[in-house]
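Colleague: Please put the model on screen. I would like to go through it in questions and answers.

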Amino acid sequence: MTTTIVREVVGIEKEAESIISQAKAYTKQLENEYEEEIKAYRNRMSDELNEKIAAFHKNIEETNKNVLQEEEMRLNKSLEAINNIPQDVLTGLVNAIVSRMLNI
């Protein structure tokens, strides 16, 4: 009877060790799966962030390009307006400025 109890206890211990070993293996498997999920999530977030940054840069570049074109058009209009001032008007303005400077 004592031998039977010892055998049963040893059997229960082996079964417990087996269950613990299976639990550890399952835990390790879950850990690996979660690490892969976390890695995939981080990669997705990184890709999304990079896409947003690229879109932001593209938007800024497009905005700057448009502003530059508008300023170039304004400059060209101003230069054209200056070039269209008749020479006799310019000469008169220059003479008026020189006259005032001499009278100061």
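Modeller: Lys28 forms a salt bridge with Glu31, where a salt bridge is a side-chain nitrogen of Lys or Arg within 4 Å of a carboxyl oxygen of Asp or Glu. The model is a predicted one, in which local features need pLDDT of at least 70 and side-chain atom pairs count only at pLDDT 80 or more, while totals for chains, interfaces and linings use all residues. Residues are numbered from 1 along each chain as its sequence is written, and side-chain values use heavy atoms, with hydrogens and water left out.

Colleague: How far apart are the closest N and O atoms of Lys28 and Glu31?

Modeller: Both residues lie in helix H1, three residues apart, which is about one turn of the helix; helices (H or I, at least four residues) and strands (E, at least two) are DSSP runs, numbered from the N terminus. Side chains of opposite charge can pair when their charged atoms come close. For Lys28 and Glu31 the closest N and O atoms are separated by 3.8 Å.

Colleague: Are Lys28 and Glu31 buried or partly exposed?

Modeller: Buried means under 20% relative accessible area, exposed over 50%, and partly exposed in between (1.4 Å probe, protein chains only). Lys28 has a relative accessible area of 45%, and Glu31 has 36%. Therefore Lys28 is partly exposed, and Glu31 is likewise partly exposed.

Colleague: Which residue meets Arg74 in a salt bridge?

Modeller: A search of the whole structure finds two salt bridges. The N to O distance is 3.1 Å, and the partner is Glu71.

Colleague: Why does Arg74 count as exposed, whereas Glu71 counts as partly exposed?

Modeller: The exposed class begins over 50% relative accessible area. Glu71 is partly exposed because its relative accessibility is 41%. Arg74 is exposed because its relative accessible area is 54%.

Colleague: How far in space is Arg74 from Asn50?

Modeller: Arg74 and Asn50 are 24 residues apart in sequence. Taken from C-alpha to C-alpha, their distance is 36 Å.

Colleague: What is the radius of gyration of the protein?

Modeller: There are two helices and zero strands, and the C-alpha trace spans about 135 × 30 × 5 Å along its principal axes. Of the 104 residues, 0% count as buried. A compact globule of 104 residues would be near 13 Å, by the rule of 2.2 Å times the number of residues to the power 0.38, taken over C-alpha atoms. The protein has 43 Å.

Colleague: How far apart do the centres of the positive and negative side chains lie?

Modeller: Lys and Arg count as positive and Asp and Glu as negative, without His and the chain ends. The place of a charge is NZ of Lys, CZ of Arg, CG of Asp or CD of Glu. There are 13 positive and 19 negative side chains, and the two centres are separated by 2 Å.
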